[in-house]
Amino acid sequence: MQPVLWAPLTAFVVALAAIAWLSRSGISTLALDRPNRRSLHQSPVPRTGGIGLHAGIFSAWALTGPNLPAALWTGLGLLVAVSLVEDVRGVPVAGRLAAHLLAAGVLAASLLLQDFGIIAAAVATLAIAWMANLYNFMDGSDGLAGGMTLFGFSCYGVAAWLSGSTAFAALNFSVAAAAAAFLVFNFHPARVFMGDVGSVPIGYLAAAMGLIGWLQRDWTVW
């Protein structure tokens, strides 16, 4: 079976099982999304879905052996760590923003600085950090962040596959499949949210994979 098929299947199954377990275990009470004025929910909802989402993604990626820049892994690891602490204990806004910009800046510099210059790298840094925060903002609405992840990474996967980059397509389809598993628990009324640990790194990946796909000519800049 081709990676473009079994990798997403692995991501879906692992994410589904992990989120189901997390939503029922005592861990779910460590990070709760409490209702505010723009919330659709009326009682606290666990914010642990992102942990299960990443379990699915990384399980699939481990099987495919992704050829991704070291800077992407560095930024992703930083964002997962800082965002997990934010979900459980809280991190000052300045600290979170600094982490987002650092992760984005390291990736943008590694991919763009040498060939495109400092201005392009600076603009990309802001765009990547913005995307991470955009996903974080969407996470409070039932189905929104998960739906955007499903459709967005599916489009990446189709475009990469049509361009002949089947390995890169499998990576993107795996993220989409994990999001599909997350949506089983996130449709209204949501039983779980991604939390910062899910939404911020996924937003970062949305920008990063888009940039990488453009650089390897799987799609045009628009």
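I118 counts as exposed, because its relative accessibility is 65%. Exposed means over 50% relative accessible area, buried means under 20%, and partly exposed lies in between, with a 1.4 Å probe and protein chains only. I118 sits in helix α5.

Quick ground rules. This is a predicted model, where local features need pLDDT of at least 70, side-chain atom pairs count only at pLDDT 80 or more, and totals for chains, interfaces and linings use all residues. Residues are numbered from 1 along each chain as its sequence is written, and side-chain values use heavy atoms, with hydrogens and water left out.

Back to I118. Together with L113, I119 and V123, I118 makes a nonpolar surface patch of about 430 Å². Patches take residues with over 30% relative accessible area and no salt bridge; like charges are joined within 9 Å, and nonpolar side chains (Val, Leu, Ile, Met, Phe, Trp, Tyr) within 5 Å. Areas come from the Shrake-Rupley method with a 1.4 Å probe, and for residues only the protein chains shown count as cover. Which helix gives the largest share of the patch? Helix α5, residues 118–138, with three residues.

Now the whole protein. There are eight helices and two strands. Both are DSSP runs numbered from the N terminus: helices are H or I with at least four residues, strands are E with at least two. The order from the N terminus is α-β-β-α-α-α-α-α-α-α. Of the 222 residues, 50% are buried. The accessible surface comes to about 10600 Å², and carbon and sulfur atoms hold 68% of that. Contact means heavy atoms within 4.5 Å. Among contacts with a separation of 6 or more, 74% join residues 24 or more positions apart.

Next, the core. Nonpolar side chains tend to be buried together in soluble globular proteins. A nonpolar core here is a set of buried Ala, Val, Leu, Ile, Met, Phe, Trp, Tyr and Cys residues joined through side-chain atoms within 4.5 Å. The largest one has 55 residues, and L72 and Y204 touch the most other members. Elements giving two or more residues to this core are α1 (3–24), α2 (49–64), α3 (70–88), α4, α5, α6 (144–162), α7 (166–186) and α8 (196–215). Helix α7 gives the largest share, 12 residues. Leaving out residues up to four places away in sequence, L72 touches L107, Y204, L205, A208, M209 and I212.

What about H100: buried or exposed? H100 counts as buried, because its relative accessibility is 7%. H100 belongs to helix α4, residues 93–116. Its side chain makes a polar contact of 3.2 Å with that of N133. Such a contact is a pair of N or O atoms within 3.5 Å; within protein, one must be able to donate a hydrogen and the other to accept it, and residues adjacent in sequence count only if both atoms are side-chain atoms. Beyond neighbours within four places in sequence, H100 contacts L79, A129, N133 and V200.

Last, charge. How many salt bridges does a search of the whole structure find? One. A salt bridge needs a side-chain nitrogen of Lys or Arg within 4 Å of a carboxyl oxygen of Asp or Glu. E86 pairs with R96, with the closest N and O atoms 3.6 Å apart. E86 lies in helix α3 and R96 in helix α4, so the pair ties together parts 10 residues apart in sequence. E86 is buried, because its relative accessible area is 15%.
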